[in-house]
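User: I would like a close look at one part of this model. Please keep the answer connected and give the cut-offs for the terms used.

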Amino acid sequence: MGGHVGAPHVAIVGVGATPQGKLPGATPLGLQVDAFRLALADAGLRKDEVDGLLTMPGTTTPEGARNYLRLGEALGLAPRFTASLSMGGATALVLMQLATQAIAAGAATTVACVFGDTARTGGSRFAAAYGWGDSWGIWGMFAAAANSAMTARRHMHEYGTTSRQLAEVAVACRRHASLNPAAVMREPMTIEDHQASRPVVEPLRLYDCCLISDGGVAFIVTSVERARRLRARPVRVLGVAQAHSPETIGNPEWWYVPHQQTAAEAAYRAAGVGPEAVDVAQLYDNFTISVIVWLEHAGFCKRGEGGAFVEGGRIQLGGALPVNTAGGNLSESYMQGWLHVVEGVRQLRGECGPRQVEDAEVGLVTGRGMTLNCAAAAVLARD
Amino acid sequence: MTYAKPLPTIDDDNRPFWEALTHGELRLQRCLACGHHRYPIAPACPRCLAAEHEWTRLSGRGRVFSYVVFHHVYHEAFRPDVPYNVALVQLDEGPFMFSNVVGVPNEALRCDLPVTVVFDRVTEAVTLPRFRPLEDP
Ligand SMILES: [Zn+2]
């Protein structure tokens, strides 16, 4: 494998996810500790073998950017390398990249990346206005759904994308969640169910929107060499990249989030493979339209063809490209893309039972966060 | 009756924008070094980083680049308004801004609809630029 940019022979060696959904009494810190413990056990590591700690503060984390301190104290760690970072749904992959680079540079040998949040029971800011100083609220422009609804409307206008095509994404995620005992929403959904769900911010309906969830997720990154001596089957990070457009409406292409394509192409380049090599994809799905746009940006179809691509079950298990095989943000749980990493790893380990993609060797994971600003992508492969 | 919706925080950086609106003018920053019209309001040109700028009066014309219709109430003051629209308007001079399109039912909105600014005085200090269709849609 020719991974030279973002892939210095590093592997994900442990993953952990707490129960998800509505968890009264849970705290972001407690969920982070639980997820870390699970990932450690999955890897077969002792905690004193972890010398790097990267975290994403949850929306309800009181200590914010000092979360690395709070969690490091709670875990009794003495890391050589640590930080907290907030890039919304891109953060898990950006931290994966930082971990990879830290290991390559000798700054750490084994890095835990951890997230926990109680957005469901603890209240969240997902409904707040965007724009600095919440300035978009002047116009009534609130909530993350509105940004993606702007994207969806323009995509519909330029390319003829339809609400029924958005429904295909929701239905695929729900079908996969029905095969995942840990998923929050498992009742079957049809395209008609989606079409009958209430409009939230048109053109998006309720079933176009992700869940809001409590939960914790962690994954552990180390060298491939070390990983091969551990309990779990290593999953290699072949390439991981980030790209951003901090400008929102100052960028005429903001609505189409072209930095997603920059990130995906950089991850492929580092991995030395292209979209044709990908057996299974975990594409960031805060809203259904995001999957359609990611399919275009990650090279599975051309610009404007994402709506047609998802038709006829093509992104379901058994289809040309199974997407979000655990149910995604839409139906498994909204962990802002962290569970996409967990599922990406489990698919390549062959641990997914009824939702396993047969002989999955290469997986793509993508993330996108903030006000459409931050994108990241990772190409993973079984060792 | 007091105005219960969010209002802009007017500061030294954005005061010329909001003051011009109270006089029925839409003005944005135009870079004196490269000519770029910029919005959001910023201390320097994001294209060339020059700080020198003038507050240029714009034509007020543009098009609806994209739009959404809110059904869910995210802020109590907007409850009487749902379903209401928010549009991403591209001004003829280039910049994009969020606003609302008035004088047209939401069902008649469409992308690329030509619009022109109207000035909606909501408080003594604040006049909001909204847009109406240039012709009957
Ligand atoms: Zn300039």
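How many salt bridges are counted between domain 1 of chain B and domain 2 of chain B? Please describe chain B around that contact.

Analyst: The count between domain 1 of chain B and domain 2 of chain B is 0 salt bridges, a salt bridge being a side-chain nitrogen of Lys or Arg within 4 Å of a carboxyl oxygen of Asp or Glu. This is a predicted model, in which local features need pLDDT of at least 70 and side-chain atom pairs count only at pLDDT 80 or more, while totals for chains, interfaces and linings use all residues. Residues are numbered from 1 along each chain as its sequence is written, chains are lettered from A and ligands numbered from 1 in the order in which they are written, and side-chain values use heavy atoms, with hydrogens and water left out.

Domain 1 covers residues 10-58 of chain B and domain 2 covers 59-137; such bounds come from an automatic or database domain assignment. Taken over C-alpha atoms, the centres of the two domains are 21 Å apart. Each side gives 13 residues to the contact, where contact means heavy atoms within 4.5 Å. Between them the domains bury about 1,100 Å², 77% of it on carbon and sulfur atoms; buried area is the accessible area (1.4 Å probe) that two parts lose on being put together, summed over both. B:L21, B:L26 and B:L58 supply 42% of the area that domain 1 of chain B buries against domain 2 of chain B, more than any other three residues.

B:L21 is also among the residues that B:T127 touches, in a list that includes B:W18, B:T22 and B:F119 and leaves out residues up to four places away in sequence. B:T127 lies in strand β8 (residues 127-133) of chain B; strands (E, at least two residues) and helices (H or I, at least four) are DSSP runs, numbered from the N terminus. With a relative accessible area of 4%, B:T127 is buried, the classes being buried under 20%, exposed over 50% and partly exposed in between (1.4 Å probe, protein chains only).

The zinc ion is held by the SG atoms of B:C31, B:C34, B:C45 and B:C48 at 2.3 to 2.4 Å. Donors are N, O and S atoms within 2.8 Å of the metal (3.2 Å for Na, K and Ca), and water is not among the atoms, so sites may look incomplete. The arrangement is tetrahedral because the angles between the 4 donor atoms run from 98 to 118°; for four donors, tetrahedral requires all angles between 85 and 135 degrees. The donor spacing in sequence is C-x2-C-x10-C-x2-C. B:C34 is in the loop between β1 (27-31) and β2 (37-38), and B:C48 in the loop between β2 and β3 (53-57), so this pair ties together parts 14 residues apart in sequence. B:C34 counts as partly exposed at 40% relative accessibility, and B:C48 as partly exposed at 33%.

Strands β1 and β3 of chain B are also linked by a side-chain pair. B:E54 and B:R30 form a salt bridge, with their closest N and O atoms 3.0 Å apart. B:E54 is in strand β3 and B:R30 in strand β1, 24 residues apart. B:E54 is partly exposed at 34%, as is B:R30 at 26%. Another salt bridge joins B:D12 to B:R15 at 2.6 Å between the closest N and O atoms; B:D12 is exposed at 64%, whereas B:R15 is partly exposed at 31%.

Technical notes. Four donors count as tetrahedral if all angles lie between 85 and 135 degrees; four count as square planar and six as octahedral if opposite donors are over 155 degrees apart and all others between 65 and 115; anything else is irregular.
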